[in-house]
Amino acid sequence: MAQKKFSRQKKSIITRKKSGASKTRVSKYIFNKKKRNVVSGRKRKTPGSGRGKSLFCRKNLELAATICLLSLAVVLFARILRWEPVAGQSPGAVQRQLSDTEEYQILPAEEGPCGRPEILQDYIVKNPYSRSGVALEQVNGIVVHYVANAGSTARENRDYFENLKDTHLTKASSHFIIGLDGEIIQCIPLDEISYASNERNGDTISIECCHPKKDGKFNKKTYRSLVRLVSWLCASYGLSDSAVIRHYDVTGKMCPKYFVKHEDAWEDFLSDIERKLEKNR
Ligand SMILES: [Zn+2]
């Protein structure tokens, strides 16, 4: 029986030699050398067997597949941990990412005499003290205010409104706050009422302005942003400069202080709005 097997193997070798496949012989040599180093057991030493060749091919394939899988795993892992930035990522994409995680967004400035100025939308959380969520069903006017806290920033005033949900000090808020650097923060969506202008809360949009000193006079940056914001709102809602009023015009309150004390400055401001609206026509 063993003899028969041996003669069959021998025959097989001779057949292969006859075919002159030198390439097969080289691989057989490598395979056998490897086997001698790695595999113990006489059976595996059989030179030139078809079984050994296919085992060799399978091993190579397994090795290649393992390398591929490992490379894929490393690339995926690196992507997950953001070890390397995604090629071609635009600044816009970064901004979107920020707005998703930080829950605010920047509306870029628009061209034109009544184009929208840049606005940072950072809405305050809905609460009974500063953001009721009640719908603003019509807009018949724009009301200008001053924050009455010299040197305070737009951010500080926005956070003061938001914190009313915890402090319960009063009911107050504003659709917009313009800061000392001219930055504009929107606290309330334009389809909700704010708590700023008493009986006109239901049909107006409110704008609070920061000021460096107690006299309430707006600096140039704040003033410029106020003109841009009011012009844009008037154009958007089809309002004329006559729809722009002071808090004082609603309740007689000294707000905005400088524009109440200096009627001429208020008239100049309204003229600036009028000029912008005319240019827009
Ligand atoms: Zn006011």
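Where in the structure is the place of A148? A148 sits in the loop between strand 3 and helix 5 (154-167).

This is a predicted model, in which local features need pLDDT of at least 70 and side-chain atom pairs count only at pLDDT 80 or more, while totals for chains, interfaces and linings use all residues. Residues are numbered from 1 along each chain as its sequence is written.

View 1. A148 has a positive phi of about 60° although it is not a glycine. Most residues other than glycine have a negative phi, and most peptide bonds are trans. Helices (H or I, at least four residues) and strands (E, at least two) are DSSP runs, numbered from the N terminus.

**View 2. A cis peptide bond joins C255 to P256**. Its omega is near -5°. P256 lies in the loop between helix 7 (247-251) and helix 8 (257-261).

**View 3. Strand 3 (residues 141-146) runs parallel to strand 7**. Three bridges join the two strands. V143 has I245 of strand 7 as its bridge partner.

**View 4. Helix 6 (residues 220-237) crosses helix 9 (residues 263-280) at roughly 50°**. The axes come within 9 Å; axes are lines fitted to C-alpha atoms, for helices over the stretch in contact, and angles run from 0 to 180 degrees between N-to-C directions. The angle makes helix 6 oblique to helix 9 (under 35 degrees counts as roughly parallel, over 145 as roughly antiparallel, 65 to 115 as roughly perpendicular and the rest as oblique). Helix 6 contributes V227, V230, S231, C234 and A235 to the contact, and helix 9 contributes D272, I273, K276, L277 and N280 (contact: C-beta atoms, placed from the backbone, within 7 Å).

**View 5. Residues 1-49 have pLDDT below 50**. pLDDT is the predictor's confidence in each residue, from 0 to 100. Beyond near neighbours in sequence, residues 1-49 have 19 contacts in the model. Residues 81-101 also stay under 50, with six contacts beyond four places in sequence. The protein averages a pLDDT of 80, and 69% of the residues score at least 70.

Definitions and conventions: Two residues are in contact if their C-beta atoms, placed from the backbone, lie within 7 Å. Two strands pair if DSSP finds at least two bridges between them.
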